[in-house]
Amino acid sequence: MKALEDYLVVDFSQFLSGPSASLRLADMGARVIKIERSGVGDICRTLYTSNVIMNGESSVFHAINRNKESFEVDLKNEEDCKMVRELLKKADVMIHNFRPGVMERLGFDYVTVQQLNNNIIYAELSGYGTDGAGKGKPGQDLLLQSVTGLTWLSGNAGGPVAMGLSIVDMLAGSHLAQGILACLFRKATSGEGAFVQVSMIESAYDFQFETITTFMNDGGALPERTAQNNANAYLGAPYGIYKTGNGFIALAMGSIPVLAGLLGCKAMEHYTDPAEAFDKRDEIKAILADHLQTGSTEKWLAILEPADIWCSDVLNWKQLMEHEGFKALNMIQEVEMTDGYRYQTTRCPIRIDGELLVSSKGSPKLGQDNERIISQFVTVKSSVHE
Amino acid sequence: MRKPLEGVLVLEFCQFLAGPSAGLKLADLGARVIKIERPVKGDACRQLAIKNLFVDEDSLLFHTINRNKESYAADLKNPEDLEMLRKLIAKADVMTHNFRPGVMEKIGLDYRSVESINPKIIYATVTGYGKEGPWAAKPGQDLLVQSVSGLTHLSGSSEDGPVPFGLSVTDIMCGNHLTQGIIAALIKRAKTNKSVLIEVSLLESALDIQFEVLTTYLNDGGQLPQRSKVAGSAHPYLSAPYGTYQTKDGYLALAMGNLIKISKLIGCDISDFYTNADSSFENRDELLLLLGETFKTNTNVHWLSVLEPADIWCAAVLNYKEAVELEVFKNQQIKQQLDLGNGRTIDTTRSPIRIDGNKLYAAKAAPKIGADNKKINNEFDLK
């Protein structure tokens, strides 16, 4: 039995943040119905990355929306709204990520939905919160990275370097899923419904809780990245990734004189004071970077690993997927859409009772489940969909 | 409001960041979290300082991750301590650990043994790379996991070589996944009344955050991500103008947007490189450079006043000084103060989740090692 079996989630959200939360709930066993705008659907369907189109839709849509159903409706049409309200009466969870004010206008705000279904868990995801200064600003990943200081942590000293995927969307989705799950637990024990709210900006600050706390208690000193081989603005040498004779090597913690001895790097030997690993990290990293280019990655790993120095090869996806360490995880699954189109994607990263949470159900075509959903949940039928 | 996890008792055998960050999330949602720590030394994170910042004898880092928890000191190699722990485990709802595979088996607190003490326990483990395969014994350290996961080929420019994310992203995401798994297990247990085993690993979490781009890779004939050569480009799979740009007095971020509209607004002629919609990806490098030349000629305030009214998705790139001065940081009350006693406090951030309209605050500072032994011994009748 899956943890969320028999739970019904009605998801109005689009793009990545909200839908990544409902994907997690789906993989845990919930039935997730996407409410999609008639004719268009989730805008993510046409949000292509590097122009990759799979079965007529974007690769990211397929990644985010597998294991879900699609209910195509026009929320400006009263007949359709009636059907959605019928569905919400049976739902355990409802999710949306519209800008503040939109759900009020459509008549699906928390107060209204609660009147339909008193113990529903109503989950709302916004960019900057629903009240106050940022209300209504676009909740877009790169912009949230930019305003919360995140771009000064990666890359070498110099200009801002963004994290190269939509990390804030995923964090917010992850936090929303936590809030929903916690309230489903409360509901399971007390029957109470709930109102869960997450914003991308709060999630972005939470992601940086260690470094912002450091900043706030350190007299306001800004993070300083190293001139080269930076991997963490707050850590000393050797922490970083270095070029070798034939590739790259990642080095985490390790005493500088010990490393100097193991690697045969004389120039590094005299940094014997542990404080120098931080205070003189630019100097040390420059020496280390030069030295590591004199040998292959394999050579250095063969010296460092047996000495319990934390180090690693640096792989791309092709190398990763060929590695036995990756294969042992069974991380890839194949899913199939209702029209027979099959594609590969990753699975849920959580194991429950030793089982992988996989599902062969691919992403839905727009409106593919209307008939079934209407016949199952709707007593007042719309003329449009009969 | 009744916090959703009120009444849930969590025993945290985890150290460092991944596991304890999950403990913190559970605590903020209402659970009671007791850290089980070895006497004298405790969680190794107590000594792991960044910028050498300590609060009394413990690092500020430890305080950040372990606020709102209790501490119970016990020596897992001492039979008497172990006996008391078994009694405590019998009363717990959840236990978490991140020992390397095999350690808990030796101590006798592996899942099978614990299940026999408490048949309704949620037993949750964090590993670096899972329990099987050649990497199972490798150290589960954030930078190393980033390095094998392919994540370092997504940020920065193609000139940079691998660029890791500049904070412990795999630990933090793994902590988030652990939190989700644990709460899902509590829901499952509410129905079955039986113990549940939850397993997460840093590597699986590192792969999960790449699920969109990995799915693209798996279905586009295996083309590796190609970052732009241009500094400031922000996503290997997204076209111009996506990125950050230097201006006369700072940096500006531009998300996805209509290039023709944007170039007109800022007065930049892109006609040489933009001939149709595909150009924005195909000529990404040239377009990023061209826009960059124009942005350099004026200030952030100027460009924002041109772009924002036209609904172009843009923002100034801020540092921490500016980020904590933001109106939204203040009016959403993202900061909270921890009470160290004697009038001393630590400023930190609060939980990012709101329940029933309430922000979740907790002023309780991180515990000293064994701070709660006496209370817990009495309360659970352990001695």
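B:I65 is a buried residue, because 26 other C-beta atoms lie within 10 Å of its own. A residue counts as buried if 20 or more other C-beta atoms lie within 10 Å of its own, as exposed if 12 or fewer do, and as partly exposed in between, with C-beta atoms placed from the backbone. The model is predicted: local features need pLDDT of at least 70, side-chain atom pairs count only at pLDDT 80 or more, and totals for chains, interfaces and linings use all residues. Residues are numbered from 1 along each chain as its sequence is written, while chains are lettered from A and ligands numbered from 1 in the order in which they are written.

B:I65 sits in helix α2 (residues 60-66) of chain B. Helices (H or I, at least four residues) and strands (E, at least two) are DSSP runs, numbered from the N terminus. Which residues does B:I65 touch, leaving aside its neighbours within four places in sequence? They are B:L17, B:P20, B:S21, B:L24 and B:C45. Being in contact is defined by C-beta atoms, placed from the backbone, that lie within 7 Å. B:L24 is 41 residues away from B:I65 in sequence, yet their C-alpha atoms are 6.6 Å apart in space.

Helix α1 (residues 18-28) of chain B packs against another helix. Its axis and that of helix α7 (residues 169-192) of chain B come within 7 Å and cross at roughly 50 degrees. Therefore α1(B) is oblique to α7(B). Angles under 35 degrees count as roughly parallel, over 145 as roughly antiparallel, 65 to 115 as roughly perpendicular and the rest as oblique. The contact is made on one side by B:A18, B:G19, B:S21, B:A22, B:K25 and B:L26 of α1(B), and on the other by B:D171, B:I172, B:C174, B:G175, B:L178, B:T179 and B:I182 of α7(B). Axes here are lines fitted to C-alpha atoms, for helices over the stretch in contact, and the angles run from 0 to 180 degrees between N-to-C directions.

The axes of helix α7 (residues 167-190) of chain A and helix α8 (residues 200-207) of chain A come within 8 Å, crossing at roughly 100 degrees. This angle makes α7(A) roughly perpendicular to α8(A). From α7(A), the residues in contact are A:V168, A:D169, A:L171, A:A172 and A:H175; from α8(A), they are A:M200, A:S203, A:A204 and A:F207.

In chain B, helix α12 (residues 284-295) has twelve residues, and at 1.5 Å a residue it should span 16 Å, which agrees with the 16 Å between its end C-alpha atoms. The expected span is 1.5 Å times one less than the number of residues. The buried residues of α12(B) are B:R284, B:L287, B:L288, B:L290, B:L291 and B:F295. They lie on the same side of α12(B), because they cover an arc of only 165 degrees around the axis. The arc is that of the directions from the helix axis to the C-beta atoms. An α-helix has 3.6 residues a turn, so residues three or four places apart point the same way. The partners of these buried residues are β9 (243-246), β10 (251-254), α10 (259-266), α11 (279-282) and α13 (300-307) of chain B.

In chain A, helix α10 (residues 256-263) has A:I256, A:L259, A:A260 and A:L263 buried. Their arc around the axis is only 105 degrees, which puts them on the same side of α10(A). They pack against α11 (276-279), α12 (281-292) and α13 (297-304) of chain A. Just after α10(A), A:G264 takes a positive phi of about 65 degrees.

A:A237 and A:P238 are joined by a cis peptide bond, with omega about 10 degrees, and A:P238 lies in the loop between α9 (209-216) and β9 (240-243) of chain A. A:N229 is in the loop between α9 and β9 of chain A, and its phi is near 55 degrees, a positive value in a residue other than glycine. Is A:N229 buried or exposed? A:N229 is buried, because 26 other C-beta atoms lie within 10 Å.

In chain B, the peptide bond from B:A240 to B:P241 is cis, with omega near 10 degrees. B:N193, in the loop between α7 and β8 (196-201) of chain B, has a positive phi near 65 degrees. B:N193 is exposed, because 9 other C-beta atoms lie within 10 Å.

Conventions
Contact = placed C-beta atoms within 7 Å.
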